[in-house]
Amino acid sequence: MPSAQDIILIGILLLALVTVESGGYFLTRVVRGHVPVNGLQQGFFRAGHAHAAVLLVLSIAILAVIGHAALDGFWLWLARTGVPIAAILMPAGFFLSVTGRDPQRPNRLIVLLWVGVAVLTAALITAGIGLIAGGIAAL
């Protein structure tokens with residue numbers, strides 16, 4: 001059973017999905033040609049939108065089971081919050097790195113994507129190992 005803290009975070013993540021929904025509306029405007037963008041921007045906007053949605057839903061799934069992990073302290077915090085943090089950083093890297101008029105390549109803010117990838121990887125490894133260890137301990 002998720003903790004009260006996890007339930008609150010799940011509620012926040014569900015509300016955050018509404019912002020992804022509005023991003024979907026923006027994308028429909030982009031693909032219909034109502035928002036002038038180049039191919040790079042269109043591709044990065046699609047990738048950012050998809051990553052945001054998938055990572056928010058993945059966050060909710062992890063929070064539903066993380067209470068069974070054999071983790072505490074920093075490691076539990078990382079397993080609990082790493083994916084939601086990545087759900088902010090990675091899309092931000094996609095969106096912000098192609099701002100401006102007709103960019104030909106991503107700007108320096110692409111680093112947000114790679115920081116998000118690192119956080120996501122660390123969180124998934126930590127949650128996975130913690131859940132396996134918790135499961136083994138419960139046998």
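The model is predicted; local features require pLDDT of at least 70, side-chain atom pairs count only at pLDDT 80 or more, and totals for chains, interfaces and linings use all residues. Residues are numbered from 1 along each chain as its sequence is written, and side-chain values use heavy atoms, with hydrogens and water left out.

The protein chain contains four helices and zero strands. Helices (H or I, at least four residues) and strands (E, at least two) are DSSP runs, numbered from the N terminus. Along the sequence the pattern is α-α-α-α. The C-alpha atoms fill a box of roughly 55 × 25 × 20 Å, taken along the principal axes. Of the 139 residues, 37% are buried (under 20% relative accessible area, 1.4 Å probe, protein chains only). Contacts are heavy atoms within 4.5 Å. Among contacts between residues at least 6 apart in sequence, 74% join residues at least 24 apart. The chain exposes about 8000 Å², and carbon and sulfur atoms supply 72% of that area (Shrake-Rupley method, 1.4 Å probe).

Helix α1 covers residues 4-31. Its 28 residues should span 40 Å at 1.5 Å a residue, and its end C-alpha atoms lie 41 Å apart, which agrees. The expected span is 1.5 Å times one less than the number of residues. Buried positions of α1 are D6, L9, I10, L13, V20, G24, L27 and V30. Their cover includes α2 (39-65) and α3 (73-96). After α1 comes G33, with a positive phi near 80°.

Definitions and conventions. Buried < 20%, exposed > 50% of the residue type's maximum accessible area, 1.4 Å probe, protein only.
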